[in-house]
Amino acid sequence: MSIYLHDTLRGEKIEFEPLKAGEVTMYLCGPTVYNYAHIGNARPAVIFDLLARLLRRRYKLTFARNITDVDDKINQASIETGKPIGEISERFIKAYNDDMAALGVLPPDIEPRATQHVDEMIEMIVKLLDKGCAYKAEGHVLFDVLADPGYGKLSKRDIREMIAGARVEVAPYKKAPQDFVLWKPSTPELPGWESPWGRGRPGWHIECSAMSVAHLGRTIDIHAGGQDLVFPHHENELAQSTCIHDGEPFARFWVHNGFLSIDSTKMSKSLGNVLLVHDLIKTIRGEVIRLALLSAHYRQPLDWSDETLDDAHRKLDRLYGAVRGIDIDDAVRSSARPPATFVEALEDDLNTPRALAGMFDRARALNKTEDPVERQKLAAELLAAGDLVGLMQSDPEEWFAGPDEGDMDAAEIESLLAQRERARSNGDYAAADKIRDNLADRGITIEDGSSGTRWRRS
RNA sequence: GGCUAGGUGGCAGAGUGGUUAUGCAGCGGCCUGCAAAGCCGCGGACAUCGGUUCGAUUCCGUUCCUAGCCUCCA
């Protein structure tokens, strides 16, 4: 069984083979660091973290996720707050990495920053001018989309139709409305770099072309991002890189995740429904968010609501419940492999719902069997599956004990349970049930079992 | 208007040309002092209209609906 991925350019699921045997290069468009990441930003981060984990099982992966730290939105934030640009970007780079870490996202191998690659961008723009793919106009350098016969093939658009149907105000110096800025002049108060065209700053798209070739080479195996980047961002990257490299393929697989909506509506600042990961993780455990993000197939739209989170929480309750109280030998744990059907589901274009279903099947088998050796083996395999998808990373007891800031601490709960146990052994079930009801009112559910009474926060 | 992706049981969400998704919820049973957790079983679905086929939820086309993109955006 191989890994299969849906390629946006070819429009179908295709067996993945790296260009160079045994080695894979992957580039993900990362954050523009002018604010905290919202839950929609987290979806590609989590999904492609999972893809990276999956690829590492088979290949030597080099995974780059860039940081856009030169952008007009950052400039705007600087003007609004009066803080230097570098301070803003540093702050949000750290916040981004902390927030993603809370969701179980492992760091990429390389995290290149746009500001560290301006020289390469300038070199690329010079080449684009030389090759006739770009032109200068009023201090700007623009990419000439009509010079690229393949323009539009990634997003499946007909450039001529788009020109005819254009309804946006077009800058007068553009030859075609879709021509995009490679370089633009900066005023003295804006960040800028010296260039053959005067002091200025790069357009957005050129940075990814420059950073991917700098770190991963001319042809990368996988280029990933959100669906909304297909046009214009990735279409433009593709056009630039293809022109500069004389038609050499830029990315062999284009992989895009679907959009996330909030309560069935688009997340937008004007609606005030932007959910920041930074805020969510204050009250919701990262694993719950991660599972919620993986509960739908990555190319499908995902609607985010309180129910999505409740659902994810209950799923984790079930998974943790299956492994709770099982003492797994270290050797068994470390030698366990995730179930084959589980891995196959993931390798089939990252079918996380099917993979998760496989984990639940494993959980049921585990709950069913009495044999201690078998139980250890199944539990270890379930945890190995969890390791691969970045779930079930806590101790089950910690999971059920819940966050520390509950309104009762563990000692108080244990003391009440001891009282209840005395009442039960005296046959005073009325008193025992009263204690249980009181605990339930405060969010504590108890379970009497053969090995004593367990509790959890619900 | 154009492009792309979808419309699956109460909800979420996979998949398949003829046979169980899975989780939650519901119903019945087992277990339990009673619960909870767990186990067993049950019901309930493939938007619409046509076509292809021995047979379609699955393939093809129509209609309706939804989302995203077409402008900064994961």
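Begin by selecting R354, which counts as partly exposed at 43% relative accessibility (buried means under 20% relative accessible area, exposed over 50%, and partly exposed in between, with a 1.4 Å probe and protein chains only). The model is predicted, so local features need pLDDT of at least 70 and side-chain atom pairs count only at pLDDT 80 or more, while totals for chains, interfaces and linings use all residues. Residues are numbered from 1 along each chain as its sequence is written, chains are lettered from A and ligands numbered from 1 in the order in which they are written, and side-chain values use heavy atoms, with hydrogens and water left out.

**Salt bridges**

Side chains of opposite charge can pair when their charged atoms come close. Here a salt bridge is a side-chain nitrogen of Lys or Arg within 4 Å of a carboxyl oxygen of Asp or Glu. The whole structure holds 34 salt bridges.

D348 counts as buried, at 15% relative accessibility.

Next, select R113 and E90. Their salt bridge brings the closest N and O atoms to 2.7 Å. This pair links distant parts of the chain, 23 residues apart: R113 is in the loop between α3 (85–102) and α4 (118–130), and E90 is in helix α3 (helices, H or I of at least four residues, and strands, E of at least two, are DSSP runs numbered from the N terminus). E90 is partly exposed, with a relative accessible area of 42%.

Move on to helix α13 (residues 352–368), where R364 and D361 lie 3 residues apart, about one turn of the helix. Their side chains meet in a salt bridge at 3.8 Å, N to O. R364 counts as partly exposed at 44% relative accessibility, and D361 counts as partly exposed at 46%. Then select D317, E447, R454 and R456, which are joined into one network by salt bridges that share partners.

**Aromatic rings**

Which kinds of ring pair can be found? Rings of Phe, Tyr and Trp (its six-membered ring) pair if their centres lie within 6.5 Å; planes under 30 degrees apart count as stacked, over 60 as edge-to-face and the rest as tilted. The whole structure contains 7 aromatic pairs.

Select F16 and F253. Their ring centres are 5.1 Å apart and their planes stand at 65°, so this pair is edge-to-face. The two residues are 237 residues apart and link distant parts of the chain, with F16 in the loop between β2 (12–15) and β3 (23–28) and F253 in strand β10 (residues 251–257). Both F16 and F253 are buried.

Now select Y320 and W399. Their ring centres are 4.8 Å apart with planes at 20°, so the pair is stacked. Y320 lies in helix α10 (residues 306–323) and W399 in helix α15 (residues 396–401), so the pair ties together parts that are 79 residues apart in sequence. Y320 counts as buried at 0% relative accessibility, and W399 counts as buried at 2%.

**Charges over rings**

A charge sits over a ring if NZ of Lys or CZ of Arg is within 6 Å of the ring centre and within 35 degrees of the ring normal. Select R157 with F231: R157 lies over the face of F231, at 4.3 Å from the ring centre. With K175 and Y135 selected, the charged end of K175 is found over the ring of Y135, 4.6 Å from its centre.

**Pockets**

A pocket, on a 1 Å grid over the protein atoms alone, is an open set of points where a 1.4 Å probe fits, with protein on both sides within 12 Å along at least five of seven lines; lining residues have an atom within 4 Å of a point. Grid points are joined across faces, edges and corners, and a volume is the space filled by probe spheres set on the points.

The largest pocket holds about 1,300 Å³ of space. Select T32, Y34, H38, N41 and D228, the closest to its centre of the 47 residues that line it. Helix α1 gives the largest share of this lining, 5 residues.

Finish at the second largest pocket, with about 360 Å³ of space. Of its 15 lining residues, T283, I284, R285, H313 and P403 are the closest to its centre. The largest share of this lining, 4 residues, comes from α10.
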